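Here is a short report on one protein model. Look at the structure first, then read on.

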Amino acid sequence: MRFGLKASDSVSGFLDKGTNMTGELEFAGTLRIDGNFHGSITTADTLIIGEHAIVHADIRVGDIEIHGQVFGTILAKRRIEISVSGRIHGDILTPVLSVTPGGMLDGRIGMANDRPEQTTIAARATAAEETPNTRQDQY
């Protein structure tokens with residue numbers, strides 16, 4: 001686990017805006033996609049879907065940050081992070097899911113892993129949720 005360093009700070013590969021690629025993509029390290037991709041993506045490391053990216057793929061990764069659009073199934077061994085501009089149209093499976101308010105997921109979520117007691121949902125509270133007047137102690 002990295003502390004104080006976002007995966008996007010250490011990108012080792014890049015598919016820039018305006019790039020169109022189709023096929024099977026396998027890589028090591030951190031790759032950022034800002035163009036269009038169709039096919040499948042596999043890595044044990046980190047994939048970053050940039051703000052301008054449109055990805056139609058089945059994805060198997062260690063970690064993924066989504067700032068653009070993804071159409072397909074995502075399996076992440078460690079973490080999926082959906083930013084405010086991120087859009088997923090498909091199913092996901094991960095032990096840790098972080099969605100910034102404004103991010104969108106249209107699909108099913110599976111959060112099982114080998115050790116269910118370690119499954120985590122990370123969420124950031126909006127200002128309205130943080131006020132004591134909106135707290136509900138009864139269900």
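## Overall picture

Among contacts in the protein with a separation of 6 or more, residues 24 or more positions apart account for 8%. Contact here means heavy atoms within 4.5 Å. The protein has 1 helix and 14 strands. Helices (H or I, at least four residues) and strands (E, at least two) are DSSP runs, numbered from the N terminus.

This is a predicted model: local features need pLDDT of at least 70, side-chain atom pairs count only at pLDDT 80 or more, and totals for chains, interfaces and linings use all residues. Residues are numbered from 1 along each chain as its sequence is written, and side-chain values use heavy atoms, with hydrogens and water left out.

## Surface and burial

Of the 139 residues, 35% count as buried. Buried means under 20% relative accessible area, exposed over 50%, and partly exposed in between (1.4 Å probe, protein chains only). The protein exposes about 8,400 Å². Carbon and sulfur atoms supply 51% of that area. Areas come from the Shrake-Rupley method with a 1.4 Å probe; for residues, only the protein chains shown count as cover.

## The nonpolar core

In soluble globular proteins, nonpolar side chains tend to be buried together. The largest nonpolar core in this model has 25 residues. Such a core is a set of buried Ala, Val, Leu, Ile, Met, Phe, Trp, Tyr and Cys residues joined through side-chain atoms within 4.5 Å. The residues with the most contacts inside it are I33, I41, L47, V55, I59 and I80. Two or more residues each come from β3 (30-33), β4 (36-42), β5 (46-49), β6 (54-66) and β8 (74-82). β6 gives the most, with 6 residues.

## Salt bridges

The structure holds 5 salt bridges. In each, a side-chain nitrogen of Lys or Arg lies within 4 Å of a carboxyl oxygen of Asp or Glu. One of them joins D34 and R32 (2.8 Å, N to O). D34 is buried, at 6% relative accessible area.

D63 pairs with R79, the closest N and O atoms being 3.7 Å apart. D63 lies in strand β6 and R79 in strand β8, so the pair ties together parts that are 16 residues apart in sequence. R79 also meets E81 in a salt bridge (2.6 Å, N to O). D63, R78, R79 and E81 are linked in a network of salt bridges.
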